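I opened this model to see how the chain is put together. My notes are below, in the order I looked things up.

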Amino acid sequence: MMPAGSLLDTHLTNLAAALVPYRRCESQLARWGADLAHRLAAGGRLLVAGNGGSAAEAQHLTAELVGKLHHDRQPLSAIALHAETSALTAIANDYGYTDVYARQVRAHGRPGDVLLLLSTSGSSPNLVSAARAARDAGLTTWALTGAAPNPLADACDEVLAVASPDTQVVQELHLVTSHLLCEYLEQELAATTDPAVGHPADPAPAGRLGAGPVRTGVEVVLDGGSGQQVDA
C-alpha cells in the first residue's frame, strides 16, 4: 500500500481529479477525429506545434498519422513544425522566436488544413502568433491547453482545455487526446472506405462516426491509506 501523501499518491490523485471533467470531451474528440479523417483523406494537411514536452507530443501525433495507430491504411499528411530544425533556427535567428511557427504556417498551410497547437499554459507567444497566421491563411485552428480561459484558447477556433493546474497531468491527458484522435480518425476511415476499391468512398454524412463508439471512460480508484476512494 502506498503511503498517504507520497509523490505517487499525489500525482495519481491530481490525475484522477482531471479525468472527471475530461470524460465530458468524448463528443468533441469524436467530432475532431472524424473531421480530420475526411480532411486528410481528401489531401489536406495537419500542422502541429508545441514547445518543450508539448513539442514531443506534437511529434508523437504526426508519427501516428504518417504511420499508423492500429490499422494499416493510407499515410496521412501531418507535420510537426518544431521538427523542421534548420527552418526553425533560421526563422528564430532572422525574425525572432515568436515567429518560428507562424512563418512556417504561412509557408505550408492551405485553406481547409488544420493547425493543432499544444500548450500547457496556453500563453506561449509563438503559438498564439501561429494561430493568428493560420486564421489569416484560412486554416482551421484547434488548441490543446491547460485550464481555460487563456490567450491560445481565445485565438483558436476550438479548444480542448484540461482542467488541471498540474502541468504534468495536462501533458498526460494531451497524450491521451492524441491517441483518441487517431482512434476516432481510423474508425471513421474504416467506416467510409469502400472495401471493393480499398480507399475512402464518398464522404460520410456529418456526424457519422462508424459502427460503435470508442470508449473514453476511465475508472481510477485510489486509496492513500485513508480508505477514501477517488473515482474518475
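These entries go from the overall fold to single residues.

**Ground rules**

I am working with a predicted model, where local features need pLDDT of at least 70, side-chain atom pairs count only at pLDDT 80 or more, and totals for chains, interfaces and linings use all residues. Residues are numbered from 1 along each chain as its sequence is written, and side-chain values use heavy atoms, with hydrogens and water left out.

**Overall count**

I counted elements first. The protein has 8 helices and 7 strands. Helices (H or I, at least four residues) and strands (E, at least two) are DSSP runs, numbered from the N terminus. I then looked at burial, where buried means under 20% relative accessible area, exposed over 50%, and partly exposed in between (1.4 Å probe, protein chains only). Buried residues make up 45% of the 232 residues. For contacts I used heavy atoms within 4.5 Å. Among contacts between residues at least 6 apart in sequence, 69% join residues at least 24 apart.

**The sheet**

In what order do the strands of the open sheet run? I read β2-β1-β3-β4-β5, 5 strands with parallel pairing. Two strands pair if DSSP finds at least two bridges between them. β2 (78–80) and β5 (158–161) are at the edges with a single partner strand each, so one side of each has no neighbour in the sheet. Neighbouring strands are turned by 15° against each other on average, direction ignored. Axes here are lines fitted to C-alpha atoms, for helices over the stretch in contact, and angles run from 0 to 180 degrees between N-to-C directions.

I looked at one pair in detail. Strands β3 (residues 114–119) and β4 (residues 140–145) run parallel and are joined by 6 bridges. Leu-116 stands opposite Trp-142 in β4. Helix α3 (residues 53–66) lies across β1 (46–49), β2 and β3, and runs at about 160° to β2.

**The cores**

A nonpolar core is a set of buried Ala, Val, Leu, Ile, Met, Phe, Trp, Tyr and Cys residues joined through side-chain atoms within 4.5 Å. The largest one has 34 residues, and Leu-46, Leu-65, Leu-116, Leu-160, Leu-173 and Leu-185 touch the most other members. α1 (7–22), α2 (26–41), β1, α3, β3, β4 and α8 each supply at least two residues of this core. Which element gives the most? Helix α8 does, with 9 residues.

Residues up to four places away in sequence aside, its contacts include Trp-32, Leu-46, Leu-61, Trp-142 and Leu-181. A second, separate core of 22 residues includes Leu-88, Tyr-101, Leu-115 and Leu-139.

Helix α8 (residues 167–191) has 25 residues and reaches 36 Å from its first C-alpha to its last, close to the 36 Å expected at 1.5 Å a residue. The expected span is 1.5 Å times one less than the number of residues. Asp-166 caps the N-terminal end of α8, with a side-chain oxygen 3.0 Å from the backbone nitrogen of Gln-168.

His-174 is in helix α8. Is His-174 buried or exposed? His-174 is buried, at a relative accessible area of 1%. Among the residues that His-174 touches are Glu-57, Leu-118 and Thr-145.

Helix α2 has buried residues including Trp-32, Leu-36 and Leu-40. Just after α2, Gly-43 takes a positive phi of about 105°.

**Leu-118**

Leu-118 lies in strand β3. Leu-118 is buried, with a relative accessible area of 1%. Leu-118 and Asn-51 are 67 residues apart in sequence and 7.8 Å apart in space, C-alpha to C-alpha. The contacts of Leu-118 include Asn-51, Glu-57, Leu-127 and His-174.

**Two polar contacts**

A polar contact is a pair of N or O atoms within 3.5 Å; within protein, one must be able to donate a hydrogen and the other to accept it, and residues adjacent in sequence count only if both atoms are side-chain atoms.

Thr-140 is in strand β4. Thr-140 is buried, with a relative accessible area of 17%. A polar contact of 3.2 Å joins its side chain to that of Arg-39.

Arg-106 is in helix α5 (residues 102–108). Arg-106 is partly exposed, with a relative accessible area of 45%. Its side chain makes a polar contact with the side chain of Asp-99 (3.2 Å).
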